[in-house]
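User: Hey, I'm new to this one. Walk me through it, please.

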Amino acid sequence: MKRRTLPLLVSLLLAWPLSAAAVDFSAEELARAKALQQRLLTLDTHLDTPANLPREGFDILQRHSGSAVSEVDYPRMVEGALDGGFWAIYTGQGDRSEAAHLRDRDAGLERLLDIRAMIAAHPDRFGLALTADDARRVKDSGRRVVFISMENASPLVADPSLLSFYQRAGLRMLSLAHFKNNEFADSATDPKGPEWKGLSPAGRRLVEDANTRGILIDESHASDAVFDDLLVASKVPFILSHSGARAVFDHPRNLDDARLRKLAAKGGVIQVNAYGGYLTEIQKSPERQAAEQALEARFGEYDAMSMAQAQAYGDALKALDARYPVKQATLDDFFAHLRHILDLVGPEHTGIGMDWDGGGGVQGMEDVSQLPKITAWLLRRGYSEKQIADIWGGNVMRVLRQAEDYAKKRGGAAP
């Protein structure tokens, strides 16, 4: 979860009409799209929803529409025909002191327990997936699919050998860095610039260990130099779980066309995200920024907010929107990235990772209940059912199988 994105999320939910997005679909188109998704394996590779699991007042089985902090829950997953995906263990990058490393270690383990507790509490609604084949098995049982991923490898800095424990507990995807550099890799967005000029020596060892254990490497948030290093260092294809196209919007978090082609040539996949700040230019006046900072100071830490407090925060930000409106990204902006990437590398190397509950969501698609709009758009563009199946889950499951096969050959596959 990215605390600094909360004002953006609330603005999307409360301040802007759905009609702001130009893309529109008929009820017939959406019904056809939803029916198709219900047949297919429909996965999103980056769900930040685990950050909400310990939140006071949050219940994954209850609908939390319009909440300032929730875009994903079981009822809306059913409505949007989302079978599940990769549920992220996110840890913000600390100051890299020894104490911070220990806090990150503990925070990662706590979030892992939150995910496993959700599955244990609702075994009739959610199922843990450990292999690509498990995903279809869980779907066919009528449950939602839970793969476990880690966004930012900072919980492993204090003890990299913990990756073995995480693997046995279900971890199947690992990203190396987040907003800032860490001991493993450079971030795409650290204001200090690169530290390692790609992967650090420890990062190379971590990638090798993850490969041996059948854990997918996720390059999202890492720098271009890390991408270039992974082309050589990773023995299996890797993915970007929630990223965009730099040719559409020039942001360091997005991937340029040359690297997109290299990703496809290696067999990897880019999952297109819906984080507004990575889709298009979003400008805030100094007054707006100051007002947001004042609100954040008033309401305190994001993770500590109850659902009721988050609603009050949302109401306060709605009033702020009336004073200092901000133009937000639209569904058209998301489709511009998706279109470019599909045209460049094809449906065999493209997927969906919206960054729900981590800042994702645009005008016209504010939560997972509206996901059939993506399928309706793909159908309009003439993609076949097989191609849509690949985009919605087939591609990332192919890469996961490749990771599983490599781990089996190396004797490192999880039991």
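User: How many residues apart are aspartate 390 and lysine 386 in helix H15?
Analyst: They're four residues apart in H15, so about one helical turn separates them. Helices here are DSSP runs of H or I with at least four residues, strands are runs of E with at least two, and both are numbered from the N terminus. This is a predicted model, where local features need pLDDT of at least 70 and side-chain atom pairs count only at pLDDT 80 or more, while totals for chains, interfaces and linings use all residues. Residues are numbered from 1 along each chain as its sequence is written, and side-chain values use heavy atoms, with hydrogens and water left out.

User: What do aspartate 390 and lysine 386 form?
Analyst: A salt bridge, with the closest N and O atoms 2.8 Å apart. That term means a side-chain nitrogen of Lys or Arg within 4 Å of a carboxyl oxygen of Asp or Glu.

User: Is aspartate 390 buried or exposed? And lysine 386, buried or exposed?
Analyst: Aspartate 390 is buried at 15% relative accessible area, while lysine 386 is exposed at 56%. Buried is under 20%, exposed is over 50% and partly exposed is in between, using a 1.4 Å probe and protein chains only.

User: How many salt bridges does the structure hold?
Analyst: It holds 25. One of them pairs aspartate 343 with arginine 381, with 2.9 Å between the closest N and O atoms. That pair ties together distant parts of the chain, 38 residues apart: aspartate 343 is in helix H13, and arginine 381 is in the loop between helix H14 (372–380) and helix H15 (385–410). Aspartate 343 is exposed at 53%, and arginine 381 is partly exposed at 34%.

User: OK, new topic. How do the axes of H13 and H14 cross?
Analyst: At roughly 50°, coming within 12 Å. The axes are lines fitted to C-alpha atoms, for helices over the stretch in contact, and angles run from 0 to 180 degrees between N-to-C directions. H13 and H14 are therefore oblique to each other. For reference, under 35 degrees is roughly parallel, over 145 roughly antiparallel, 65 to 115 roughly perpendicular, and the rest oblique.

User: Which residues in H13 and H14 meet?
Analyst: From H13 it's Leu331, Phe334, Phe335, Leu338, Arg339 and Leu342, and they meet Lys373, Ile374, Trp377 and Leu378 in H14. Contact means heavy atoms within 4.5 Å.

User: How many of the residues of H14 are buried?
Analyst: Eight of nine, so H14 is mostly covered. The buried ones include Ile374, Trp377 and Leu378, and the buried residues of H14 pack against helix H2 (27–39), H13, strand S9 (350–352) and H15. Just after H14, glycine 382 has a positive phi of about 90°.

User: What does isoleucine 374 touch?
Analyst: Setting aside residues up to four places away in sequence, isoleucine 374 touches Phe334, Phe335, Leu338, Ile352, Met354, Met365 and Trp392.

User: How many residues has the largest nonpolar core?
Analyst: It has 96, and Leu156, Phe334, Leu338 and Ile374 have the most contacts inside it. Helix H13 (residues 331–345) gives the largest share, seven residues. Another core, of 20 residues, lies apart from it and includes Ala132, Val138, Ile239 and Val269. A nonpolar core is a set of buried Ala, Val, Leu, Ile, Met, Phe, Trp, Tyr and Cys residues joined through side-chain atoms within 4.5 Å.

User: At what angle do helix H5 and H15 pack?
Analyst: About 130°, with the axes 8 Å apart. That makes H5 oblique to H15. Ala132, Asp133 and Ala135 of H5 make the contact with Met397, Leu400, Arg401 and Glu404 of H15.

User: Last one: what about helix H6, how many of its residues are buried?
Analyst: Six of eight, so helix H6 (residues 162–169) is mostly covered too. Among the buried ones are Leu162, Leu163 and Tyr166. Strand S2 (84–90), strand S4 (144–151) and helix H7 (201–213) are among the elements covering the buried residues of H6. Just after H6, glycine 170 takes a positive phi of about 120°.
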